[in-house]
Amino acid sequence: MSRIIAADSTHGALYGTALNAQSNRSYSRTLNLRDREVVLTFDDGPLGTNTRTVLDTLDKHCVKATFFSVGRMALADPKLLKEYDRRGHTIGTHTFSHPFAMDRMPPQDAIAEIEKGFAAVSHALGKPIAPFFRFPGLRDSPETVAYLASRNISTWSVDVISGDTDPGANAAKVTKDVLARVRGAGKGIILFHDIKKPTAEALDGIITALKKDGYKFVHVVSNTNYKPNPEMVAKTDAFRTPPEMATVTGRWTASAATVGRPEIKAGSVDVMRTEWVELKLANEQLTGNARSETANVGGGNGQTASGYVATSSGGGGSGQTGGAYMANSWLVTGQIQ
């Protein structure tokens, strides 16, 4: 690691050149990087062995990175999320459920995904995270970018895409593509996914080769933290939706409406099912006002929430009290044929 940059999120700075909306490209900027300086960023985690391998490789090379965590993933494995922080990396967020077309969502739904993602990741970590946000698929829109600016949250795009989610991606191809693209760009923000096996397998060789070429690695931090939106927190039903099953990354698609007959295509998938997050509890955690809650769920069995998350044993989440709880979370990852 060559140096540390404190990235300013005031008024919603946009970092990186690969933006979706033409209107946003005109005022995007890259970090104040020197020639042959790169920033490593990772989306979608945390996830098991692949994330741990990525973290170990970064430790081996004394490199710090920025992780844009998905809310569902953070809630599923808060212990691994905390490893990002314990090892000195920066944590931003990447929505709650990783919708692939936020630019086509109603603005209020996209904003809910953003706020719910920040609340979930901060909640799982146990403290506020950096006000850094990246759109899934880099699908920003003028409305959502303007909202982020109003909240002093910076939008993070990229300068170099690794291609680790492309069909047929493997360690050798990712290594070849990343090195060629970085050498062509000369510097910039690189996008990886720490949940992907090709990335976990390729990262050591990529860092080694870049170091040999004289590239330096920059750690990006923030001088401010994410702060919950009080208007959103006050609306206890703002994010109440039916339980759903959705892809985090990959080519499998299903929603609450199609869960009986999901559309399945060949490819690598990471699928998570969760229900909802209690924003009021998450906010109280961030402000230091702890409390417990008893929820009557499914068949009326009273359960006490230790910490801030109530886990239900009933199906469908009907009859829950106290706001929008996250419940019944599970994850499956593998190969669909």
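The model is predicted. The chain holds ten helices and 15 strands, and 53% of its 337 residues are buried.

**Overall make-up**

- Of the contacts between residues at least 6 apart in sequence, 75% join residues at least 24 apart.
- The chain has an accessible surface of about 14,100 Å². Carbon and sulfur atoms account for 50% of that surface.

**Helix 8**

- Helix 8 comprises the 16 residues 197–212. At 1.5 Å a residue it should span 22 Å, and the distance of 24 Å between its end C-alpha atoms therefore agrees with expectation.
- A bend of about 40° occurs in helix 8 at Leu-203, a residue that is itself buried.
- Cover for the buried residues of helix 8 includes helix 2 (48–60) and helix 7 (171–185), together with strand 3 (37–43), strand 9 (188–193) and strand 10.
- After helix 8 comes Gly-214, which has a positive phi near 90°.

**Aromatic pairs**

- Nine aromatic pairs are found in the whole structure.
- One of them is the stacked pair of Phe-67 and Tyr-84, with 4.1 Å from centre to centre and 15° between the planes. Phe-67 belongs to strand 4 (residues 66–69) and Tyr-84 to helix 4 (residues 78–86), so this pair ties together parts that are 17 residues apart in sequence. Both Phe-67 and Tyr-84 are buried.
- Phe-132 and Trp-156 form a tilted pair, at 4.9 Å centre to centre and 45° between the planes. Because Phe-132 lies in strand 6 (residues 132–133) and Trp-156 in strand 7 (residues 154–156), the pair ties together parts that are 24 residues apart in sequence. Phe-132 and Trp-156 are both buried.
- Phe-132 and Trp-156 also belong to a cluster, linked by ring pairs, with Tyr-15 and Phe-68.

**Surroundings of Ser-222**

- Ser-222 sits in the loop that runs between strand 10 (216–221) and helix 9 (230–234).
- Within this region, the side chain of Ser-222 reaches the backbone oxygen of Thr-224 at 2.7 Å.
- Leaving aside residues up to four places away in sequence, Ser-222 touches Ala-7, Ala-130, Pro-131 and Phe-132.

Conventions:
Residues are numbered from 1 along each chain as its sequence is written. This is a predicted model: local features need pLDDT of at least 70, side-chain atom pairs count only at pLDDT 80 or more; totals for chains, interfaces and linings use all residues. Side-chain values use heavy atoms; hydrogens and water are left out. Helices (H or I, at least four residues) and strands (E, at least two) are DSSP runs, numbered from the N terminus. A polar contact is a pair of N or O atoms within 3.5 Å; within protein, one must be able to donate a hydrogen and the other to accept it, and residues adjacent in sequence count only if both atoms are side-chain atoms. Contact means heavy atoms within 4.5 Å. The expected span of a helix is 1.5 Å times one less than its number of residues. The bend at a residue is the angle between axes fitted to the seven residues ending there and the seven starting there. Buried means under 20% relative accessible area, exposed over 50%, partly exposed in between (1.4 Å probe, protein chains only). Accessible areas come from the Shrake-Rupley method with a 1.4 Å probe; for residues, only the protein chains shown count as cover. Rings of Phe, Tyr and Trp (its six-membered ring) pair if their centres lie within 6.5 Å; planes under 30 degrees apart count as stacked, over 60 as edge-to-face and the rest as tilted.
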